[in-house]
Amino acid sequence: MLGRAFLLLATIGIFHAAYSTYEHLSYLKALERPEGPIPQEIILETLFSLFLGILGACLNTPDFKEITWSSEMRKHKIDEMDSRLGFASYVNRGKQILSNPYSKKSQ
Amino acid sequence: MSLQSALQQLASFRANNSRESQETFAKGLVVLKAGKTVNLGEEGWAFLEQLALAAIDVGRIDIADQCLKQLSDKFDDSPRVDVLRGIRMEATQSPSIVLSFYDELLRISPSNAAIWKRRISVLRRLGKLEKAVEDLNEYLDTFYTDVEGWLELADIHASCNQYTYALQALSHALLLTPQNPFTFLQFAETAYSAGDMPLALKMFLVVIDMNESEDEDAIPLGISVRAWWGTKLCTRQLVASSATHNSQSNTSVPKNIKLVDELATERVLTAYSGEQGIQTRNLVSKWMSRR
């Protein structure tokens, strides 16, 4: 929350500083003065936005994910681990128990 | 139930190797009827295979035939589709026809591991356990890294009470997946069935160690409960007959066995401390205090 607010402020600050520089340079061009140094305030604004942006990006990271084997294994169940699907037998009572109870069945 | 959630659930079943055939069939039928399998891309074919297997398991061969037809239209000469055809034949034809079909396929391409496994499964189902074990050993000599195969071998031996061979097969499985506590649990329980208490105790403690969470006083969950139960059973027997117990694998009994017994009792009772557990807890403490 705070990180995102900082990032937003920093973005606005950078765009504002860029626009101010453009305005300043076009003002000098209109008055036909030679291009002098950029005003102190714009430089200060740029540096401040950079600092705020770095802070916001650091605060805006997602939560840590588990990487240990034990945390991975805790998510599994025994039936999944021991299922041995390559050897599974597909000839079982499923046909009699689970198929449609109202179909024609041998008694 | 939306299409998206059904697809997600099916993908999780595929990733976890779970064999929930009824649920898979119900959800898969929804997707199939929606007719969008062609738009799923790569995953669509895996989904069709999964639905075909679930349909055969549940007994709906008609749906399985539909999926099989779509798959063989697209992949005519694939070994995976051959396996599916074989399984479909297993469900309807007699075993000798199926075995000759598999032998023919193996003659053409002897490196099709899945067909070897199906053949062994058919032999086991017929009750020809000696032949099945012989073939399985031959298969595992070639494909050593197949953990499924080792687990199946251990299961066949354990079903015939040949616990030494089962433990040998499980130790190969442990070499291949040393990070899996479920295999250790199966090893411990097989050792307990074989009567080798110190070895079983050692392995149960390994499982508990692997499943360690940061909070030491937390309620045990999942396979920790099973492992603590196993520890309690072992320590109970060892405390009752400690000096005279000889273990087949020459494992020594730990010195502070009484303390382990108390710890195991406390941990098992803690596991039954939720609101659902309170009723069972009385039964458990009665059993514990019986000896």
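**Exercise 1.** Which residue of chain A forms a salt bridge with Glu152(B), and how far apart are the closest N and O atoms?

*Solution.* This is a predicted model, in which local features need pLDDT of at least 70 and side-chain atom pairs count only at pLDDT 80 or more, while totals for chains, interfaces and linings use all residues. Residues are numbered from 1 along each chain as its sequence is written, and side-chain values use heavy atoms, with hydrogens and water left out. A salt bridge requires a side-chain nitrogen of Lys or Arg within 4 Å of a carboxyl oxygen of Asp or Glu. Glu152(B) meets this rule with Arg84(A), the closest N and O atoms lying 2.7 Å apart. Across the interface of chain B and chain A, the rule finds two salt bridges.

**Exercise 2.** Determine how much area chain B and chain A bury between them, and which residues of chain B supply it.

*Solution.* Buried area is the accessible area (1.4 Å probe) that two parts lose on being put together, summed over both. For chain B and chain A this comes to about 2,900 Å², 59% of it on carbon and sulfur atoms. Of the area that chain B buries against chain A, Arg19(B), Gln179(B) and Phe182(B) supply 20%, more than any other three residues.

Key:
Chains lettered and ligands numbered in written order.
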